[in-house]
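Please open the model in your viewer and follow the selections below in order.

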Number of protein chains: 2
Amino acid sequence: MLSTDESIPGTAPVGLIYVNPHAQTPGSPGAVCLDMAVALAPVISIRELRSHCSGCNLHELCLPAGLDGTDLAELDRLVALPRPLARGDTLFRAGFELVSLYAVRTGFLKSSVLHDDGREQVAGFHMTGEVMGMDGIGAGKHLCDAVALEDSEVCEIPFADLERLSREIPALQSHFHRLMSREIAHDHGVMLLLGSMRAEERLAAFLLNLSQRYTARGYSSTQFNLRMTREEIGSYLGLKLETVSRAFSQLQDKGLLAVRNKAIDILDLSGLKALMGQNCHTPP
Amino acid sequence: MLSTDESIPGTAPVGLIYVNPHAQTPGSPGAVCLDMAVALAPVISIRELRSHCSGCNLHELCLPAGLDGTDLAELDRLVALPRPLARGDTLFRAGFELVSLYAVRTGFLKSSVLHDDGREQVAGFHMTGEVMGMDGIGAGKHLCDAVALEDSEVCEIPFADLERLSREIPALQSHFHRLMSREIAHDHGVMLLLGSMRAEERLAAFLLNLSQRYTARGYSSTQFNLRMTREEIGSYLGLKLETVSRAFSQLQDKGLLAVRNKAIDILDLSGLKALMGQNCHTPP
DNA sequence: CGCACTTTTGAACAGAATCAAGTTTTGTGG
DNA sequence: CCACAAAACTTGATTCTGTTCAAAAGTGCG
C-alpha cells in the first residue's frame, strides 16, 4: 500500500546553484531558461556541467537509470537544461497539449485536478527524480495541473523524442515502462488506502510513504518538512483539513510523532507501521 | 472521473465458439490450450481463424489498434491462441513472475489485492479488449490476483516480445504507451471518486463507467448484467456490501435505475450523470 | 507590525459501518 | 428436475467516524 516506487539506496541530495528563483511563468517551455543560461556566464558553467543527465546525481533514480556512457549522452541531447520554477508557478495545466514529460530535478510539486465546481483534488505529490505528466500520454494532453509547492527545477523531456530514443535504446525503453508501471502500482496503493483505511491510518501511510521517498534520496527518514498544507494533504487522502489536523494530533498524542506545524519528526517508525497492520476490521 | 478509457465506436460483440468452459487451471500458460486445439479439429478451424489479432473484432479496441497488415501479422506471431478460463479460475497471482500481459478476448475478470489480514480489495474490473498485468511491469512480478468472473478467454502477450516488437513498430509502441497512460488516468479518476464522493454518487459513477465501456463494445448502454457481487462492487468503491445494496435501492427509488438482482436497467442516464454534478459540497 | 492564511480544537450533525435478521438466488447432488 | 444447502442480497437498528460549522490561536509574509 502506497509503496515506495524507488528502491534505490541513498544518493546524496543535489546541491545545484539556483539561478532564477522568481517569477518564471509557465509560458513557452525552456526558451526563457536557455536565454538566461547564455546571459549569466560564470554561474552557467557549473550549472551546465551538472545540468545534463550524465552529470546529474539522480541518474539512478530518474529516467536514465541503468544507462551507460553512450546511451546517456544520447539522452543528454534530448533533455533541456533544468527549468527553474518559483513556488506557486504552474508547470502545465489540464487541457494543454502534452509535448513533454517533466522530471523533477529539485524541489517539490503537486499535480491536481480541477473539479467542474471549482474544488481542486490533489492527485499526487512529486519530488526529486520523479517524472510527471505520464497520465496525459493517452489523451495527448495534460489531465491535471502541475504546480510547484516550493522553488523547484524540472527537466523537460520531449515525449516524441523519448519514444524515438527508447526504440533505439532497450534499457531506456524498459526503464520508461517500469516508471509508468510503478505509477499504476502506486495509484493502486492509494486506491487501497482510500477504500479501506481510517483517517489516522491514511495519514500514517502518507507519512511513511514520504519517509521512504526521502530515505531513497539520502535524507532523514524520520525528520522532514512538509511542503503542502493540511488542506492539500486532506485533498490527497480524501479527508477534510480538520480531520487531517485531528489525525496529526492523535498520532502525536500516541507518541508516534512530533508535529511542529510543517516540521515532522517521526518518533516511532515501527509504531506507525504497526498502526496499519491493525487494519483487520474483520475478525476470523 | 472514472473516465472511459475507450473512445472507440461500437465494434460488434465477439461471437466466439467456446471450446472448454470448465476446469482450466492457471498452470503453465498456453500449452493446454494449444493441445486442445489439435484435438478438436472441426471447431478449431473457425476458432483459429479468428484467434489471431488480425482476425479479431477487437483490433480497434485492444493492443493492435492502429496497426496495418504487415505489422499486425508480426503481432499475430507474438500472441498465443486465446486461453479459455472458467468462472472462478485464476489467471495469475500476486507474486508470480510477470512473463506476459493478458488481453481479455471475451468475458469479464477482476484484479484484486490480498491484504495481509486476508481481506481482499478489488483493484479493477476488466472486460473485452482490455489489457491486464501492466501494474506488475515495474516490479517484474504480478502485484494482484486476476480471477475470471465468468467464463472468459484471454490472449497472452509475452512482455519481452512486446517490448522488442514495439521497438520495431512505432505505432505499436505508441499505442502501448497510451494504454498504460490511460490506466494511470483511469486510476486517478477512481482516486477522485474514492476521495470525494458519497456512496450513492460512487455507485452512479461506477454504473456510468460500465455503461460507457459496454457502449464502446457495441452493447446496450442502459441494460446489462453485473458480473460481480455487491461485495466486490463495495470492495472496489470503498464501501461495505450493505451500503452498496442500499445505494442501489436509493437510485431505484429515485427512478434512475431498475435493479433486478444483477440485471441493471438504467432508466435515466442523464439523471444519473446529473447526480454527480451536484458534487458541490462547498458553497461559493 | 498587521493582515491574511493556516492550523487547532470544540460541538452538533450526517453518512457509512456494524450487527442482526430475514429473504432470494444459485448451484449441486440426489 | 427437484430439493436443499450455501451464497448473495435486502432491510432495519445502533454505533462510530468523519464532516460541518464555528471560533480562536498561531504563523508568516509584505
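## A helix pair, then the partner chain

Begin by selecting helix 6 (residues 199-216) of chain B together with helix 8 (residues 241-253) of chain B, whose axes come within 9 Å and cross at roughly 80°; axes here are lines fitted to C-alpha atoms, for helices over the stretch in contact, with angles running from 0 to 180 degrees between N-to-C directions. Helices (H or I, at least four residues) and strands (E, at least two) are DSSP runs, numbered from the N terminus. Helix 6 of chain B and helix 8 of chain B are therefore roughly perpendicular to each other (65 to 115 degrees counts as such).

This is a predicted model, in which local features need pLDDT of at least 70 and side-chain atom pairs count only at pLDDT 80 or more, while totals for chains, interfaces and linings use all residues. Residues are numbered from 1 along each chain as its sequence is written, and chains are lettered from A and ligands numbered from 1 in the order in which they are written.

Next, show the side chains where the helices meet: Ala199(B), Glu200(B), Leu203(B) and Ala204(B) of helix 6 of chain B face a set in helix 8 of chain B that includes Thr243(B), Phe248(B) and Leu251(B).

Now display chain A as well: 40 residues of chain B are in contact with 40 residues of chain A (C-beta atoms, placed from the backbone, within 7 Å). On the side of chain B that touches chain A, strand 5 (120-127), helix 4 (159-168) and helix 5 (170-196) of chain B each supply at least two residues, and helix 5 of chain B gives the most, with 19 residues.

Note on methods
Contact = placed C-beta atoms within 7 Å. Parallel < 35°, antiparallel > 145°, perpendicular 65-115°, else oblique.
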